[in-house]
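Please open the structure in a viewer and keep the selection panel at hand.

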Amino acid sequence: MTVTCVVNGTPRQTDMAPETPLLWVLRDDFGLTGTKFGCGIAACGACTVHIDGEAVRACQIPVGDVWGDVTTIEGMAQGDTLSPLQEAWVRHQVAQCGFCQSGQIMQAADLLSENPDPTDEDIDAAMGGNLCRCGTYSAIRAAIHDAARVLNGGRAG
Amino acid sequence: MSRLGKITRRTLLVGAVAVAGGAAFGVYQIRKPVVNPLRPEQGASLNPYVIIDQQGISIIAPRAEMGQGVHTTLAALVAEELDADWENVRVLHGPPAAAYFNAALAHGALPVPEYNMKDWQRRVTEGLGAASKLLGLQVTGGSTSTVDGFTRMRMAGASAREALKAVAAERLGVDVSDLRTELGRVISPDGTEIDYRDLAEAAAMRPVPQVALRNPDDWTLLGRSLPRSDMRAKVTGQAQFSTDIMLEGMKFATVRICPYLGGSMAGFDPAPALALAGVEQVLDLGDGVAVIGSNTWAAMQGAEAVEIDWTPSPLPATPDAIFDQIARAFEARPNSTMRDQGAPDEVAAEIEVEYRVPFLAHSTMEPMGATAVLQDGHLTLWVGNQAPREHAKVAAEAAGIEVENVTLHTVFLGGGFGRRVETDVTRQAATLAAMLPQTPIRLTWSREEDMRHDFYRPAAIARMRGAVAEGRAVLFDAKIAAPSVTRAAIGRIIGREMGGPDKGHVEGAFDQPYAIPNYRVAGHLAELDVPIGFWRAVGSSFNGFFHECFIDELAHAAGRDPLQFRLEHVGAESPVAGGVLETVRDLSGWGAPVPEGAGRGVAMTWSFGTPTAVVIDLERANGGIRIARAFIACDPGLVLDPAIVRAQMESGLIYGLSAALMGEITFTDGRADQGNFPEYDALRMFNTPRIEVAIVQDNPHMGGVGEPGTPPAMPALANALFALTGQRVRTLPLLHHADFLV
């Protein structure tokens with residue numbers, strides 16, 4: 001039995017059991033290793049991806065239950081052109097070890113699609129499920145504000 | 001010479017690194033050039049740090065990139081002298097090789113406080129660095145990477161540049177002194193440009209030129225905040241960590257090892273696991289099992305399903321009994337008394353108190369993992385690690401092959417903090433690869449496996465006696481008991497028992513720049529077999545807490561402002577340390593009235609060559625206590641990349657605050673009671689304070705930056721809690737004692 005889902009715009013098939021969490025299909029079958037395993041219980045956010053634009057924890061979603069198009073960190077840039085959030089991440093030199101950053105970016109993208117001009121409090125609330133052991137939080141917050149400015153037609157800074 | 005003669009073999013064993021005794025090192029061996037480990041097919045390598053091929057310039061970073069930005073700064077050292085085009089430089093991890101020894105590991109070897117080391121003592125430690133070369137200690141740790149690379153990597157860039165210029169001079173028929181270099185090209189007086197790529201092969205054949213280094217005033221890359229070399233890969237998901245390697249025919253594995261530490265496995269029934277879809281094999285590892293599956297999730301489900309008969313742990317059965325065992329160390333003579341001034345026994349103590357801190361996990365974002373394949377007797381491994389030669393050696397042993405038949409690729413580390421010096425996951429991956437030859441294995445630990453099989457920051461107890469007179473401290477008498485990280489971790493690396501006074505055990509307490517007439521710090525080593533290891537700032541992470549909370553108690557006993565009290569004891573002893581206290585005072589506006597419902601605390605620790613002071617502001621909000629703001633001032637001397645230094649200070653601070661607030665590993669029947677983030681959490685964005693960092697550059701000696709932010713964060717938080725509530729908490733984590741918002 002195979003399961004089909006659309007990942008980063010491309011239909012993909014897997015032979016893995018339908019109850020297998022999406023995370024492991026992405027990583028072990030599709031080779032999309034930008035999505036990370038951190039805890040397996042939705043407590044760290046390292047595996048955050050989008051389903052139909054909504055941020056979800058891929059470690060908790062059986063691949064057979066995926067209800068829409070999946071976007072992973074590999075699907076954020078268009079060729080060599082980074083998304084506005086990724087550009088902001090580079091401008092603010094956010095990443096340290098980098099292991100949590102795919103999940104941070106996917107969570108932040110969901111926030112900005114819901115709330116194009118978030119306050120600090122909005123950002124804190126939206127990002128609380130994404131752990132970073134290097135402590136890059138202040139740079140993440142600054143990068144989200146900066147990306148919001150760019151998306152709203154302002155200048156990067 | 002007589003003073004040098006005191007640097008005995010025993011003394012050599014006490015530092016941040018063990019310089020194993022017994023071998024006779026000749027001057028010839030020390031001066032012998034290192035062997036370049038880079039292979040010709042990788043491109044023209046002008047020395048162990050520079051490869052130039054038709055794609056461009058690659059710089060080899062001899063240290064592991066675990067988030068601290070070391071790839072960027074080490075590569076910049078080479079690029080500065082090489083005149084490479086920074087935007088187009090690639091940075092690679094070096095292979096396991098003696099050429100990449102870390103000489104600066106030996107800088108902490110002498111049992112004297114770093115802040116007032118004499119010039120002759122610094123020369124001795126540089127001499128010990130030569131011994132590190134002979135041992136080939138290729139280790140990332142101790143906040144040493146930049147100090148170690150500072151001269152050597154600039155020399156590598158400069159000599160490569162001169163070799164390229166010499167080839168160009170011959171081709172162009174001009175004098176080499178008429179040539180200049182810029183953005184990866186040699187340029188002649190008439191404007192002719194030759195790309196390094198077209199000179200590299202010929203340059204690699206030439207003897208290495210000896211050249212002088214540039215004046216720092218002429219630097220164009222160093223001293224600036226550079227774009228990190230790893231940033232783009234890390235925001236696009238392209239950065240490869242230990243379990244991100246895709247290989248044809250790969251199988252996916254996890255392990256389940258006896259969680260009762262020191263216990264083992266009496267037997268197991270694989271049948272329930274083998275009944276699950278995707279589970280292919282259950283393998284006996286002696287003290288546990290490995291499960292091989294068609295994907296990692298199947299392997300993890302399988303590992304849970306195996307029925308295993310564990311044998312018990314020899315450890316004391318309860319957390320209290322473990323602390324009792326640590327306290328027993330006070331009954332024996334101290335292992336060291338590295339600070340011993342005045343006559344502490346003759347001064348009556350006004351304050352006698354005990355502090356306790358718990359075991360801590362590293363809790364890196366990336367759980368332990370590795371990828372390995374044994375093909376035709378050759379083992380290839382991909383593992384993010386802090387000690388490539390040790391990992392390669394252990395892998396060879398596990399696979400039953402010679403180390404020459406191991407290729408080890410160091411990939412990015414999803415956090416290190418000392419955990420990835422340890423070779424346990426590499427041993428497992430190599431063992432599995434040897435059990436299943438020709439089959440690539442991706443081994444991923446569950447978070448629970450990671451948290452329950454750590455090499456923990458040890459728990460520790462301090463017994464303090466103190467007294468004040470006329471506004472000054474007149475007695476500071478500390479006894480510190482903990483199991484020895486130095487003995488445990490270095491013993492594992494060098495494979496022998498360590499002896500002698502253990503400096504790492506008391507660093508952060510004995511070596512602080514305070515002038516106190518009766519000042520003693522004694523270290524007592526506890527006998528306890530909990531696996532322990534290096535952790536961000538290790539000894540200084542608990543001793544800094546003990547020292548700086550107790551200084552706070554003395555300040556309050558003296559009725560003095562805690563920051564001013566510190567300054568008066570520190571300023572004359574070390575103007576550099578006094579400088580960071582003054583800086584953090586000014587940065588935080590210390591001295592202004594603190595509003596009702598707020599409290600601020602201060603602490604300062606000198607660790608890894610860098611005095612670092614922290615002020616923490618607490619506020620009552622929504623019925624709890626919020627860590628509102630943090631101010632941090634450090635003086636690492638010459639700063640090569642201000643943004644990276646700032647990021648490391650914030651990072652170390654948050655790591656320390658997380659531990660002080662909520663970090664605790666306890667053991668019941670020898671098994672860690674905490675298995676995942678809900679039981680062992682850390683600060684998140686909403687409870688992380690706003691942080692301001694000030695960098696001072698008055699220190700005449702370059703210090704580290706990866707660790708020094710951690711030690712002062714913990715006591716500053718506890719001291720702020722005292723200021724807010726009047727409650728002196730002497731046991732971590734603080735969350736057990738106060739209602740913080742988390």
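Select α18(B); its buried residues are Pro562(B), Leu563(B), Phe565(B), Arg566(B), His569(B) and Val570(B). Viewed down the axis of α18(B), these buried residues fall within an arc of 160 degrees, so they line one face of the helix. The model shown here is a predicted one.

Next, display what covers the buried residues of α18(B): the covering elements include β20 (472–482), α17 (538–557), α19, β22 (598–607) and α21 (710–725) of chain B.

**Second stop: a helix pair**

The crossing in which α18(B) passes α19(B) is left-handed.

To inspect the contact, show the side chains of Leu563(B), Arg566(B), Leu567(B) and Val570(B) in α18(B), which meet Ala577(B), Gly578(B), Leu581(B), Glu582(B) and Arg585(B) in α19(B). By class, this contact has 5 nonpolar, 1 polar and 3 charged residues.

**Third stop: where the chains meet**

Now display both chains: 47 residues of chain A are in contact with 48 residues of chain B. On the side of chain A that touches chain B, at least two residues each come from α1 (22–29), α2 (84–91), α3 (101–114), α4 (120–127) and α5 (137–151) of chain A. By class, the side of chain A that touches chain B has 25 nonpolar, 16 polar and 6 charged residues.

Methods: Residues are numbered from 1 along each chain as its sequence is written. Chains are lettered from A and ligands numbered from 1 in the order in which they are written. This is a predicted model: local features need pLDDT of at least 70, side-chain atom pairs count only at pLDDT 80 or more; totals for chains, interfaces and linings use all residues. A crossing is left-handed if the near helix is turned anticlockwise from the far one by less than a right angle, and right-handed if clockwise. Helices (H or I, at least four residues) and strands (E, at least two) are DSSP runs, numbered from the N terminus. Two residues are in contact if their C-beta atoms, placed from the backbone, lie within 7 Å. Ala, Val, Leu, Ile, Met, Phe, Trp, Tyr, Cys and Pro count as nonpolar, Asp, Glu, Lys and Arg as charged, and the others, Gly among them, as polar. A residue is buried if 20 or more other C-beta atoms lie within 10 Å of its own, exposed if 12 or fewer, and partly exposed in between; C-beta atoms are placed from the backbone. The arc is that of the directions from the helix axis to the C-beta atoms.
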